[in-house]
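I opened my notebook to look up the strands first. The pockets came next.

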Amino acid sequence: MNYPIIDAHAHLWLRQDTEVDGLPIRTLENGRSLFMGEIRQMVPPFIIDGQNTVEIFLSNMDYAQVSAAVITQEFIDGIQNEYLAEVAARYPDRFLVCGMCEFRKPGFLEEGKELIEKGFRAIKIPAQRLLLKEGRIYLNSPEMMELSRIMEEKDIILSIDLADGNTQTGELREVIEEYPALKIAIGHFGMVTREGWLEQIRLARYPEVWIESGGITWLFNDEFYPFAGAVRAIKEAADEVGMEKLMWGSDYPRTITAITYRMSYDFVVKSPELTDREKALFLGENAKAFYGFKDLIELSYIKNMSE
């Protein structure tokens with residue numbers, strides 16, 4: 001490969017200790033977590049302490065020749081702002097990290113301002129978690145709109161995952177049209193495999209909206225490697241908005257309980273359905289331009305013992 005690879009959707013945490021919808025999420029041992037009422041393999045079993053650290057991820061990145069990554073957040077992992085600020089300070093050329101507010105409660109506007117003042121270049125909204133039993137948090141609420149205004153003014157990227165299909169696209173469209181210079185990355189490839197996913201993809205017809213594919217191998221897990229359906233979905237999305245608006249993301253580390261980190265992108269590299277130029281755009285060039293990565297490290301291929 002003669003082009004850089006950038007992961008637009010990955011996660012880090014030291015320990016999971018949180019609640020979602022009133023249900024606990026706790027790190028256990030051997031890579032497992034108590035997850036909302038059941039035990040799940042959250043990370044590979046050789047991570048026996050459950051710590052999903054930057055050092056382990058960097059080792060995976062170097063092996064898989066991934067030059068840089070965007071670290072996003074999700075409520076199921078707990079808010080990781082403190083740790084991610086350390087990651088960004090230690091490895092500024094390898095990572096762009098997203099701060100996250102407690103969007104499920106009023107008062108998150110002040111949290112967002114503080115994150116921006118601390119130097120976070122992006123903020124994450126796991127919007128699919130905002131359909132609360134006690135009342136839905138709308139993306140076009142006054143508090144959300146004011147945060148969006150400030151983010152546009154300060155050139156802060158919005159990383160957002162939406163609920164299935166068309167559930168929240170109208171709200172986000174209102175944000176986009178009110179603040180057209182706000183840069184937005186929509187995750188999980190629009191929740192591809194769910195009905196209405198192209199409605200999310202079509203938001204990337206707006207100039208400053210992009211789509212990243214974090215979790216696409218999870219969503220096509222029943223099909224499994226080499227994920228021919230995922231490749232077809234990438235091509236279908238490109239027909240809607242152009243390959244220049246699409247970025248690869250792994251959703252590391254949860255996806256590598258089923259496949260290796262390299263496998264989370266090399267199904268694209270090996271696909272005969274995509275041109276070399278399309279692969280270069282999707283796997284790195286688009287993310288480099290969108291997130292503003294510079295001075296990307298070049299990583300050599302390391303031969304496996306099994307080769």
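I count two strands as paired if DSSP finds at least two bridges between them. Strands (E, at least two residues) and helices (H or I, at least four) are DSSP runs, numbered from the N terminus. The model is predicted, so to speak of local features I need pLDDT of at least 70, side-chain atom pairs count only at pLDDT 80 or more, and totals for chains, interfaces and linings use all residues. Residues are numbered from 1 along each chain as its sequence is written, and side-chain values use heavy atoms, without hydrogens and water.

**Sheet.** I looked up Leu-158 and found Ile-184 in E10 as its bridge partner. Strands E9 (157-161) and E10 (184-186) are joined by three bridges, in the parallel sense.

**Pockets.** A pocket is an open set of points on a 1 Å grid over the protein atoms alone, where a 1.4 Å probe fits, with protein on both sides within 12 Å along at least five of seven lines; lining residues have an atom within 4 Å of a point. Which residues lie nearest the centre of the largest pocket? I noted Arg-40, Ile-76, Trp-218, Asp-251 and Arg-254, out of 24 lining residues. Strand E5 (38-41) and helix H7 (216-219) each give two or more residues to that lining. The second largest pocket has 11 lining residues, and Tyr-3, Pro-4, Ser-67, Glu-298 and Leu-299 lie nearest its centre.
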